[in-house]
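Biologist: Before we go into details, could you show me the model and take me through how its features are read?

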Amino acid sequence: MSGKQKVQEREKTIAPPVGVEMLRVPAVVRPAAYPIETLVPEARQQTPAVGQRASRVDGRLHGLGQTRYIDDLAFPGMLHARIKRAGIAAARIVRIDTHGAEAMPGVMAVLTGAEIPVNSFGPSLQDQPVLAHERVFHAGDGVAAVAAVTEQIAVEALEKIVVEYEPLPAVFDPLEALKEDSPKVHPPHGNVYTTKVIAKGDVEAALAASHRVFEGRFRTQMVEHVSLEPHAAIADWDANGRVTIWSTLGRITLARGDVARTLKLAMNRIRMVGTIVGGNFGGKNEITQEPVLALLSRKTGRPVKGVYTRGEEFTSTTTRHPIIMDYKTGVTREGKILARKVRLVLDGGAYCSWSETTLGKAAILSPGPYNIENLRVEAYVVYTNKTMTGAMRGFGAPQVCFAYESHMDDIAAALKIDPLEIRLLNAFGEGSVSPTGQVLQSVVVKESLLQAAERFGWREGRP
């Protein structure tokens, strides 16, 4: 046998069958390094940047689908958590029986509100429980949590948890919540928990002297942020008793403080990792499940991941404030505003969250960008047994903007004045004073209106 034949025979002997070779193929294909050139600006050419082409540092990964979000992360031995929701707007919790869930194969831990070291949190008022313990305040409240080897087992385990409720009277309309005899969401306290008043001039006298007085009520609805990525987090403890939490939250420093408080742990024992976030819009400004995952991780000694369902996003995370807005405006025959009264009632839902900030901004901006010598704004935030409201882009500005501009259109139509002209007559100018006394500078409201009207062709065909 020749040397070449011997080599061929040996290769046949050591070469594994095709099927065995296929088993060695990695389960996950490594990301390919695509030969795409990224644009790099020349030295000393970075500024001014306006008008220059600029690439986002994360744009290439997004475009290639290689960005790793929390749900793409996995750790050895990682468990999956799910939270059981109350499903009732107001009730006392009589008992919680978790034995059925604990007995299920694959369930590693169950957690209830009684096990939370400090079971309350909030950006301003600590009125929100991590898990409801004695009382349920809205249907989206979590009452128990499960950590299991798979998400499916965790979902099935929630059905094994039995919660006995004593239903309580609930209130859902913010105007009803204002009344003294309405059900109290957080007894013995009343439902109104934040107010703001802005007063300027003599409103009643100016209304009496007006050519006409216009009144209108405007309402906005509750809005969910609907980020493509839901709330998600992973918690893991090390051997030194420190917890690391990977979270989609945008304000990780505030979150670190809240987690430290709820776990009754020093802040230097907590490490928060802000991951790449698939959308926020203000909806990921405060903790949700992070303390729950941390406690489940400590109980099991394993990493625990929690990812909200789309349903939980709607029922158990913050939404935009619905506001009921009453406007009363007195004007001259030419449309000049002499006085304006505004009353705002913000539906805060079951918890305060960022309502105090939203109320302040809504109240200050509610008169609109108009010179008004006589003004009174009264604003209230009330509790209701509904999904909590909180931060969302604008912090109260979009709601009141809709109201005061609709009101201006109504006035213009009634007086037969061009909507643009009535705004130019009343709009802020350089040196105008805001409702709270701020002298405004670099004001270009009128210039912006005129430029927009010209580009839009507003005056074309108008008398």
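Modeller: Let us begin with the elements: helices (H or I, at least four residues) and strands (E, at least two) are DSSP runs, numbered from the N terminus. By that rule the chain has 14 helices and 15 strands. This is a predicted model, in which local features need pLDDT of at least 70 and side-chain atom pairs count only at pLDDT 80 or more, while totals for chains, interfaces and linings use all residues. Residues are numbered from 1 along each chain as its sequence is written, and side-chain values use heavy atoms, with hydrogens and water left out.

Biologist: How should I read burial, and what percentage of the residues of the chain count as buried?

Modeller: Buried means under 20% relative accessible area, exposed over 50%, and partly exposed in between, with a 1.4 Å probe and protein chains only. Of the 463 residues of the chain, 46% count as buried. Contact means heavy atoms within 4.5 Å, and among contacts in the chain between residues at least 6 apart in sequence, 80% join residues at least 24 apart.

Biologist: Which residues of helix H13 are buried, and what covers them?

Modeller: In H13, which spans residues 419–426, the buried residues are Leu420, Ile422, Arg423, Leu424 and Asn426. Their cover includes strand S14 (337–347), helix H12 (397–415) and helix H14 (445–456). At the start of H13, a side-chain oxygen of Asp418 comes to within 2.7 Å of the backbone nitrogen of Leu420. Helix H11 (residues 355–365) can be read in this way too, with Ser355, Thr358, Leu359, Gly360, Ala362 and Ala363 as its buried residues, and with a cover that includes S7, strand S13 (323–331), S14, strand S15 (374–382) and H12.

Biologist: Turning to sheets, what is the strand order in the open sheet of three strands?

Modeller: As a general idea, strands of a sheet pair through backbone hydrogen bonds, either parallel or antiparallel. Here two strands pair if DSSP finds at least two bridges between them. The open sheet of three strands has the order S4-S2-S6, and its pairing is antiparallel. Its edge strands are S4 (135–136) and S6 (162–167), each of which pairs on one side only. Strand S2 (residues 91–97) is joined to S4 by two bridges, with Val136 in S4 as the bridge partner of Ala91. Six bridges join S2 to S6, and there Ile93 stands opposite Tyr165 in S6.

Biologist: Is Asp326 buried or exposed, and which side chain does its own side chain join in a polar contact?

Modeller: Asp326 lies in strand S13, and it counts as buried because its relative accessibility is 18%. A polar contact is a pair of N or O atoms within 3.5 Å; within protein, one must be able to donate a hydrogen and the other to accept it, and residues adjacent in sequence count only if both atoms are side-chain atoms. Such a contact, of 2.6 Å, joins the side chains of Asp326 and Arg217. Leaving aside its neighbours within four places in sequence, Asp326 is in contact with Gly216, Arg217, Lys341, Val342 and Arg343.

Biologist: What should I note about the backbone at Pro188, Val226 and Ser442?

Modeller: A cis peptide bond, with omega of about 5°, joins Pro187 and Pro188, and Pro188 is in the loop between helix H6 (174–177) and strand S7 (192–200). Val226 has a positive phi of about 50° although it is not a glycine; this residue is found in the loop between strand S8 (212–219) and strand S9 (232–237), and it is partly exposed, with a relative accessible area of 41%. Ser442, also not a glycine, has a positive phi near 55°; its place is in the loop between H13 and H14, and it counts as exposed at 65% relative accessibility.

Biologist: Finally, how many cavities of 30 Å³ or more does the structure hold, and which residues are closest to the centre of the largest cavity?

Modeller: On a 1 Å grid over the protein atoms alone, a cavity is a set of points where a 1.4 Å probe fits but cannot get out, and lining residues have an atom within 4 Å of a point. Grid points are joined across faces, edges and corners, and a volume is the space filled by probe spheres set on the points. The structure holds five cavities of 30 Å³ or more, and the largest cavity has a volume of about 150 Å³. Of the 18 residues that line the largest cavity, the closest to its centre are Arg85, Gln128, Pro129, Val130 and Gly142.

How values were computed: 1 Å grid on protein atoms, 1.4 Å probe; cavity = no way out; pocket = protein on both sides within 12 Å on 5 of 7 lines; lining within 4 Å.
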